[in-house]
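Visitor: I would like to learn how to read the features of a model like this one. Please take them in turn, with the general idea before the case.

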Amino acid sequence: MELLYVWIEEYKNLKNFGFNFGGEYLFEFDNENDEGLTYKKNDKYIPDFFGKNISNITGLVGKNGSG
């Protein structure tokens with residue numbers, strides 16, 4: 001399983017914010033117009049960029065390098 005998108009409705013300073021974690025598709029969530037979750041092809045996606053055995057790499061870095 002691969003995490004591709006996260007929607008945060010409200011957490012601390014984040015409100016109605018989505019995070020794409022890269023990959024072949026880009027996701028968007030429309031909370032106001034009832035369109036829900038939509039996706040489209042990522043034009044910048046390069047197949048097998050990391051080799052055949054690695055599908056994606058994502059790094060989350062927080063304050064002072066923690067993540």
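Visitor: Is Phe27 buried or exposed?

Guide: Buried means under 20% relative accessible area, exposed over 50%, and partly exposed in between, with a 1.4 Å probe and protein chains only. Phe27 has a relative accessible area of 16%, so Phe27 is buried. A word on the source: this is a predicted model, in which local features need pLDDT of at least 70 and side-chain atom pairs count only at pLDDT 80 or more, while totals for chains, interfaces and linings use all residues. Residues are numbered from 1 along each chain as its sequence is written, and side-chain values use heavy atoms, with hydrogens and water left out.

Visitor: How many aromatic pairs are there?

Guide: Rings of Phe, Tyr and Trp (its six-membered ring) pair if their centres lie within 6.5 Å; planes under 30 degrees apart count as stacked, over 60 as edge-to-face and the rest as tilted. By this rule there are six aromatic pairs. One of them joins Phe17 and Phe19, 4.9 Å centre to centre with 70° between the planes, and is edge-to-face. Phe17 is partly exposed at 38% relative accessible area, and Phe19 is partly exposed at 31%. For Phe27 and Tyr39, the ring centres are 6.0 Å apart and the planes are at 45°, so this pair is tilted.

Visitor: Which parts of the chain does the pair of Phe27 and Tyr39 link?

Guide: Strands (E, at least two residues) and helices (H or I, at least four) are DSSP runs, numbered from the N terminus. Phe27 is in strand β3 and Tyr39 in strand β4, twelve residues apart, and the pair links these distant parts of the chain. Tyr39 has 57% relative accessibility and therefore counts as exposed.

Visitor: How many salt bridges does a search of the whole structure find?

Guide: Side chains of opposite charge can pair when their charged atoms come close. The rule asks for a side-chain nitrogen of Lys or Arg within 4 Å of a carboxyl oxygen of Asp or Glu. The search finds two salt bridges. In one of them, Glu24 pairs with Lys41, and the closest N and O atoms are 2.6 Å apart. Glu24 lies in the loop between β2 and β3 (25–30) and Lys41 in strand β4, so the pair ties together parts that are 17 residues apart in sequence. Glu24 is partly exposed at 32% relative accessibility, as is Lys41 with a relative accessible area of 48%. There is also a salt bridge between Lys52 and Asp48, at 3.3 Å from N to O. Here Lys52 is exposed at 73%, whereas Asp48 is partly exposed at 46%.

Visitor: Where is Asn42 found, and which residues does Asn42 touch?

Guide: Contact means heavy atoms within 4.5 Å. Asn42 is in the segment after β4 (36–41). Leaving aside residues up to four places away in sequence, Asn42 touches Gly23, Glu24, Tyr25 and Leu26. With a relative accessible area of 17%, Asn42 is buried. A polar atom of the Asn42 side chain lies 3.1 Å from the backbone oxygen of Gly23, and one lies 3.0 Å from the backbone nitrogen of Lys44.

Visitor: Which residues have a positive phi although they are not glycines?

Guide: Among them are Lys12, with a phi of about 50°, and Asn16, also with a phi of about 50°. Lys12 lies in the loop between β1 (5–11) and β2, and counts as exposed at 71% relative accessibility. Asn16 is in strand β2 and is partly exposed at 37%.

Visitor: Where is Lys15 placed, and which residues does Lys15 touch?

Guide: Lys15 is in strand β2 (residues 14–20). Lys15 touches Ile8, Glu9 and Glu10, not counting residues up to four places away in sequence. With a relative accessible area of 56%, Lys15 is exposed. Lys15 and Phe49 are 34 residues apart in sequence, and their C-alpha atoms are 33 Å apart in space.

Conventions. Polar contact = N/O pair within 3.5 Å; in protein donor to acceptor, adjacent residues only side chain to side chain.
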